[in-house]
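Subject: The model, and some notes to go with it

Hello,

Here is the structure I promised to pass on. Please open it alongside this email and have a look before reading further.

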Amino acid sequence: MPLLETIGVKVRFGGNIALDDVSISVEAGSVTGLIGPNGAGKTTLFNTITGLQPLSGGQIIFNDKDVTKEPPHKRTRMGLARTFQRLELFTTLSVRDNVRVAGEIRNRWSLRTPKMDINAETDRIISLVGLGDVADREVGEIPTGKARVVELARALMIQPTLVLLDEPASGQTEEETEQFGQLLRDLAGEGLGICLVEHDMALVMQVCQTIHVLDFGRMIASGSAESIRNNPTVIDAYLGAPESVG
Amino acid sequence: MQTFLQYTILGLALGGAYFIAASGLVVTYTTSGIFNFAQGAIAMLAVFTYWQFRWGWGWPAPLALLMVLGILAPLLGAVLYQVVMKNLRGTSEVTKIIVSIGVMLGLQALATWVWNPTSSTPRQFQKFFGPKAFAHVGSLTIPWHIIISFGIAIAIAFGIRFLFVRTRSGVAMRAVVDDPELLQLNGGRPERLAMISWAGGSFLAALAGILIQPMIGSAMSAGALTLLVIDAFAAAMFGRLRSLPRTFMGALIIGLTTTYVVAYFPSKWTWSSAFHNSLPMIFLFIVLLVLPQDRLRGATVLRLRERFRMPSIRTAWIAGLTMMIVVFCLKVIMAKTGVNTLTLALTFAIIALSLVLLTGFAGEINLAALSFGAIAVMVVYHFGISGTGDGARTTLWGILLAAVVTALVGALIALPALRLRGLYLALATMAFGVFVSRMVLTERNERELFGWKFTIFTAGQLTIPRPKIGPIDFNSQDAFLFLCAGLFVVIGIGMVYLRHSGYGRRLTAMKDSPAASATLGMSVVRLKLSIFMMSAAIAGIGGVMMAAQVGTVNADRFDIFLSLALMMITVVGGIGYVSGALFAGIFLIAFIEALNLLLKKFAVDYSTLEAIFMFFISAVTVLPATIGITMGKNPSGAVSDIVDGMNLVKQSKPLMITVIGLEAVIWALTATEVITNWNFVVLTLANLILVPMVGGKLLMARAMRGVPKPVPPELIGIDRPFTDEDLAAMDHALNLESVVIPSSTTVREEPANASA
C-alpha cells in the first residue's frame, strides 16, 4: 500500500488545465522523483497534495485515508510536510527559531499530541541537516542554498511520515548537493517517504527509486530511474539527448 | 403602494450613487492592489470644491462640473498614485492600508483648514435642476437628480465592463495586479495603467460625492461626507472587489434597505434613525462574515521592506525602569497642565500598545481601537464605580470586567477575520467603529429589557472617576500619572516576554507566512482569536484610563478618525515596537499640543507675523497625515531610526558629548525658567532624535566614503565587478587552483599579457 496516492487529479485555472488526470504514488522509506520542464505542474501538484490548491477533480489518498476535502493543517497533522520552491521562511525569526517554532506548532496540534522536547529536537535536526554554522543568523541573511535546507529542517521538526521537497537543491553548491543527496538517502533509510521535485538530474537519478515525469499537466512517464533515463518520450520532452544528462 | 414606489425610486438613486463610489474602489483595487481608504475623502473634497465653484463663486453648473470632474478629480488621483501609492510595491498590507488612511486624514484636515466649519453659515448643496420633476407617473414624482444618479450608475456599469473586457488597455489593467513584471515584458506599461486607473477611481469618487450630498440634504461636513462614501465599501465587498454586477447589486440592496427603514420603521422606535445610519456598516460586517474563504497565501513578496528587531527581555526591563525615572523627572519640572497632557498621552500609548500587539506581532489590523475603549468605558460606568460625588472611584473589578467584556466583543468582531486576510479584518473593525459611533454612542434613551431599565450612553456623556485599587487611591493627578506610566511599562514588558515565548514565535510564523504555518499543521483560528481578544482587552483598559484622565467623556472622544490617526501614528513610530506605541501617544497628544501652544505663543508675542504663525497652526493639523503618507518611504517606522541613531551616539564620542551637552543646556534653561516645561519636552525630543539622526548621517557618510557597500554573492559581477578576493573564493569553492590575474588587467589587455 503506497503512503500517498493521487488518483486522476485535475486542476483548472479558468480555461487553462494545469493538471490533467495525474496519478502518482509515493512509498514509505523511499525517494520518489517528480520531474518535468518548468510549468509542467509539479508545484501545483504539491499544492493540491498539501491542500493549498483545491482540485477540479480526482482524489488524494494519504495513509489509506481520502484527504481530498481536508484543510492543509489537518493533512499535516496526519504526517505530511513540505518545503516551498519560493521560500516561505519566517523572515523575522532566526534560523534556529524557524526550526524551533515548527516544533512549537507541532506540540500544539492537539491535547493528545505526544509532546516533544523542543530544545533537544531543534538541536538534533539542526546538526542533522548541517545548519550549525548559521543557526543564530537571521534567516534573511543566509544564502538561498542554506535557506532551502532551513525549509527541510522545519519540515522534519514535525516528525512527518512523508515530506514533499520542492527544488531543495537549487542554489546549493556541488558539495552541498552531494551531502544533501546522502541526507535524503539516510532519511529514507529510516523509513521516511520523500517526494522530490528537482531539476538537478544527477541528484534525481542518484537518490530516486521511482520517478514520475510531468509535461503540460500530464504524466508522460513513470518508472525506475533507469527506465526514465532511456524513455524516448521523456528524452524528447525534457531530458534532451542522453549525452547531456551526464 | 404610493409610499413604496416613492421610496423605491429614492433607494435606487442612492444605490446608484453608492455603486459609482464602489466601482471606483473596484477599479483602483484591481489595477493597483491597493484598497483606497481615501475614496470617501476624495469624494468629500470634490463636494467642497464643487460647492466653492458653484455657490461660493457662482460659476454655472456645467463649468463647475467640468472643472471638478473633468480636471481636478482625475488630476488628484493621478498625483496620488505617482507621488504616494507607486512607492508601496514590496511593502506589507499594513503599510498599504496605513498610507491610504494617511491620505484620507490629510485630505480631511485640508478641507477643514480651507473650509473652516465654524466660521460661516452652513454650506448647503442643491439638487441638480432643483426640485423640478423629470416626470410624473400617476401621482408619483420622479425628480431629475434621481434619474441622473441612477442613469449615470448604469452607464458607468456598462462603460467599465466594456473597458475591462473589450479594450486592450482594460485587459492590460487587469493584468497589472496579477503580474506587473510579466506585463512589462509583454510591452505593457503597468505604472501608467495604474495611474490612469487611479485617475478614474478618483473621478468616480468625486462623481459619487456630488450625487450623494444633495440626497442627504443636510449641511456639508467633512467627517460625515467621508464616512458616507465609506458606506460604499459594503457594496464593493459584496462584489468581492472584483465583480461589477455583484457590486451593483450590493449597492442597490444598501440603497433600498436604508430608505425602506426610513419609510417603514415606526416613528416611536427612537433608535430607527441611528439604525438607518449604521445599516451599511451592519451590511458590510455580514458580507465579510459570509465571504468565501480566500486561498492561503504565502508571503506575497519575497522580502518585505519592513524590518523589526525584537529587544531582549533585559533591554525591556532597563527601558521600563528608565521610562519610570524619566516620567518622575518630568513630573518634577512640569506645570499641572503639562502633567495632565502627559498622562493623557500615556493613556493613548496604552491603547496604541494593543495595536502593536495585534499588528506588529500578529500582522492583523484593528482600525477602531478607541471603539473598544468606548465599550470598556460603558462597562465601567455601569458596573465598575463605587461611591458617589467626589468620593466615587473606579474599582479594580470594574476595570477587569471591562477588559473581559471588550475581549469578548473583540472575539465577535474578529469572526470574519478568522478565515480571511488582513484587509478584511481592517474593514470589519472599521465597520464596528462606525457602528459604535452611529448606533451605540447615540443611545441616550432609556431602554427596558426583561424588566431591567438602563441607558447605554447617558445624556451623551459619561463621567469616569479615577481608580482606587486595594488600599491605593489614584485620585491625585500625580498618582494617576504613575499608574498610567506603570501600566504602560508592565504591559509593554509583558509583550516583550510574550514575543520571546513559543506563543509569540507562533504568532510571528502566522504573520510571516500563513501558507508555511498551515503546512506545519497550525490551525490559525485559536491563535487569531486569542491575540485579537488580548489586544481588545488592552485597548479597553487604555480607554478606561483615558476616560478617567479626561473625567467626563462624550462620543467625540471615541471618534473613528481618532482611532485611525492613532493607528497611523503607531505605524509611523514603529508598529513592531513597544516604543512605537509610546511614540504614538506622545506624538498624537503631547507633541501636537506642545507645538500648538508654542505657535500660539509666538503668534501673540510677534503679532506682526501672526498670519504666518496661524498658518503653521493650521499646518500642524495636516502634519500627522503627511507623516503617515511618507510611510511608503520608511515602512519600519521612526523608532528604528531613533534606535539606530542612539546606537551611533553610544559608539561616537563627539556625538555623545554634543547630545549630553545640549541636554544640560536645556535642563539649565528650564530650571531657571527661561523656557517652559513643554518647550523642554520638545527641545529634549529634538535633541535626542534629530541630533543623532543628523550627526549619524554625517558620520555614516564619512565612514562610508571608501568602504564599498556589501553586495549579496549572487549579484557580484552585476552590481559591482569581480575582485581578486571574489575570484579566489570562487576558485576555492570549485576546488580549482588559483589563477592569479593582476586586478588592473581588463579582458582586452589579457591577450597582450599572455603573449608577453
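Below are my notes, going from confidence and overall layout to a few individual helices and residues.

First, the ground rules. This is a predicted model, in which local features need pLDDT of at least 70 and side-chain atom pairs count only at pLDDT 80 or more, while totals for chains, interfaces and linings use all residues. Residues are numbered from 1 along each chain as its sequence is written, and chains are lettered from A and ligands numbered from 1 in the order in which they are written.

**Confidence**

The model scores ipTM 0.91 and pTM 0.85. Within chain B, helix 18 (residues 477-499) has the highest confidence, at 96, and helix 29 (residues 750-755) the lowest, at a mean of 48.

**Chain B overall**

Chain B contains 29 helices and ten strands, taken as DSSP runs (H or I, at least four residues, for helices; E, at least two, for strands) and numbered from the N terminus. Of its 756 residues, 44% count as buried, meaning that 20 or more other C-beta atoms lie within 10 Å of the residue's own, again placed from the backbone (12 or fewer is exposed, and in between is partly exposed). Among contacts in chain B between residues at least 6 apart in sequence, 77% link residues at least 24 apart.

The domain bounds, which come from an automatic or database domain assignment, divide chain B into domain 1 (16-252), domain 2 (322-445 + 455-605) and domain 3 (713-755). Between the C-alpha centres of domain 2 and domain 3 of chain B there are 59 Å.

**Where the chains meet**

In the interface, 26 residues of chain B are in contact with 28 residues of chain A. On the chain B side, helix 19 (502-512) and helix 20 (514-519) each supply at least two residues, and helix 19 of chain B gives the most, with six. By class, that side of chain B has 13 nonpolar, eight polar and five charged residues. Here Ala, Val, Leu, Ile, Met, Phe, Trp, Tyr, Cys and Pro count as nonpolar, Asp, Glu, Lys and Arg as charged, and the others, Gly among them, as polar.

**Two bent helices in chain B**

Helix 3 (residues 61-83) of chain B has 23 residues and reaches 31 Å from its first C-alpha to its last, close to the 33 Å expected; the expected span is 1.5 Å times one less than the number of residues. A kink of about 30° sits at Leu72(B), shortly before the proline Pro74(B), the bend being the angle between axes fitted to the seven residues ending there and the seven starting there. Buried residues of helix 3 of chain B include Val68(B), Pro74(B) and Leu80(B), and its buried residues pack against helix 2 (39-56), helix 4 (93-114) and helix 8 (190-216) of chain B.

Helix 23 (residues 578-605) of chain B has 28 residues and spans 39 Å, close to the expected 40 Å. Helix 23 of chain B bends by about 40° at Phe587(B).

Chain A is divided into domain 1 (1-79 + 163-246) and domain 2 (89-159), with 24 Å between their C-alpha centres. Eleven residues of domain 1 of chain A are in contact with ten of domain 2 of chain A.

Val150(A) is found in helix 5 (residues 144-157) of chain A and counts as buried because it has 24 C-beta neighbours inside 10 Å. Among the residues it touches are Leu89(A), Val99(A) and Leu131(A).

Val553(B), in strand 10 (residues 552-554) of chain B, is buried because 23 other C-beta atoms lie within 10 Å. Val553(B) touches Val377(B), among others, and the C-alpha atoms of these two, 176 residues apart along the chain, are separated by 9.1 Å.

Best wishes

How values were computed. Two residues are in contact if their C-beta atoms, placed from the backbone, lie within 7 Å. pLDDT is the predictor's confidence in each residue, from 0 to 100. Lists of a residue's contacts leave out its neighbours within four places in sequence.
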